[in-house]
Amino acid sequence: MEEKLRTIKEEAHTEITQSQSETTLREIEIKYLGRNGILTSILRNVKDLKPEDKPIVGKLGNEIKIYIANLIEEQSKKLQNKKFAEQEKEWIDISAYTLEPKITGHLNPLTSLQYELEDIFKNMGFHVWEGPYLEKEEYNFTALNIPQDHPARDMQDTFWIDKNHVLRTHTSPVQIRAMQSLKPPFRVIVPGRVFRYEATDASHENTFYQLEGLMIDKNISISHLIYTMKTFLSAILHKDIEIRLRPGYFPFVEPGLELEISCIFCDKKGCSICKHGGFIELMGCGLVHPDVLKYVNIDPEVFSGFAFGMGLERLVMLKHRINDIRYFLGGDLRFVTQF
Ligand code: DAH
């Protein structure tokens, strides 16, 4: 019996010291020390042994039981330490350079210019208005003194939706909407998208942005127009701007005017951008035509007003020296991420 116990001890020793995982250790523990384990069974049966064998087997059996339990504990610790040592080899450099998250979303240069313009005009007492892209033919043309079959309609190539509706070719129809809704005196600007049915090239797009302005009050004259234009253009271009007016044909204003600004690149000395003239053509403007006022039931004997309309791309292109309008809607990230 004694011999058998010593063999059990040796076998257990080999099994425990060779085991490489916590799971096998638990299996060995159950095998020897579990409820029906080898050693447990021997000790349970001590009572049936011969009286002289009882103390020897009992004592030795218990010693081996403790020995096995301790050895398992020891081996378990060894395995743990080995695992930690391996984990330590896996080294993390917390000072390592990481790539900054890339923030690619930002305002399009057209939008930031629009917001800047809105701020400038709000400071001068203007309200910001919007109108629909799909516009009544009446507002886009007729109410603006562009009668049916008049050649002036051909000036703006139009996307017709049906007989009475167009994609607005300019922001001017919102003048009509504003005059119908607001009681004079008032001042509004209208930034927004407009559409023209035309072939694209470096300076023409089928979809672009305009900013319309309208001021209605008593005794409005060209000098109010000149002052307002000079103030906002100097603010947006961060430069003292000189303006020049010459006649232009727009049926909804009388007189109709083309506004030119002193060249921001050469200060009127003449360069390739102003085609050596010293001035750059920028927008249409004028005094609101009496017929337009009559159309919306504003008495031209009492009120008068000025209006202007300009392309936003043109201004951004000047500011950033962009040479092709098609970049704005081209969707090329190399273009938009520059701003
Ligand atoms: N709507 C005109 C266009 O798109 C621009 C314009 C000219 C607007 C004169 C005006 C104006 O308000 O007074 O060509």
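## A pocket, a cavity and some packing

Strand 9 is the top contributor to the lining of the largest pocket, giving 7 residues. Before going on, note that this is a predicted model, where local features need pLDDT of at least 70, side-chain atom pairs count only at pLDDT 80 or more, and totals for chains, interfaces and linings use all residues. Residues are numbered from 1 along each chain as its sequence is written, and side-chain values use heavy atoms, with hydrogens and water left out.

The largest pocket holds about 1,300 Å³ of space. It has 43 lining residues, and Ser203, Glu281, Leu282, Gly311 and Arg314 are the closest to its centre. At least two lining residues each come from strand 6 (207-217), strand 8 (253-262), strand 9 (279-288), strand 10 (304-311) and helix 10 (312-320). Helices (H or I, at least four residues) and strands (E, at least two) are DSSP runs, numbered from the N terminus.

On a 1 Å grid over the protein atoms alone, a cavity is a set of points where a 1.4 Å probe fits but cannot get out, while a pocket is an open set with protein on both sides within 12 Å along at least five of seven lines; lining residues have an atom within 4 Å of a point. Grid points are joined across faces, edges and corners, and a volume is the space filled by probe spheres set on the points.

Here are the residue classes (Ala, Val, Leu, Ile, Met, Phe, Trp, Tyr, Cys and Pro count as nonpolar, Asp, Glu, Lys and Arg as charged, and the others, Gly among them, as polar):

| Lining | Nonpolar | Polar | Charged |
|---|---|---|---|
| Largest cavity | 6 residues | 1 residue | no residues |

Helix 10 also meets helix 5 (residues 109-123): their axes come within 10 Å and cross at roughly 105°. Axes are lines fitted to C-alpha atoms, for helices over the stretch in contact, and angles run from 0 to 180 degrees between N-to-C directions. The two helices are therefore roughly perpendicular (65 to 115 degrees). In contact (heavy atoms within 4.5 Å) are residues including Leu113 and Leu117 of helix 5 and Leu312 and Val316 of helix 10.

How values were computed: Parallel < 35°, antiparallel > 145°, perpendicular 65-115°, else oblique.
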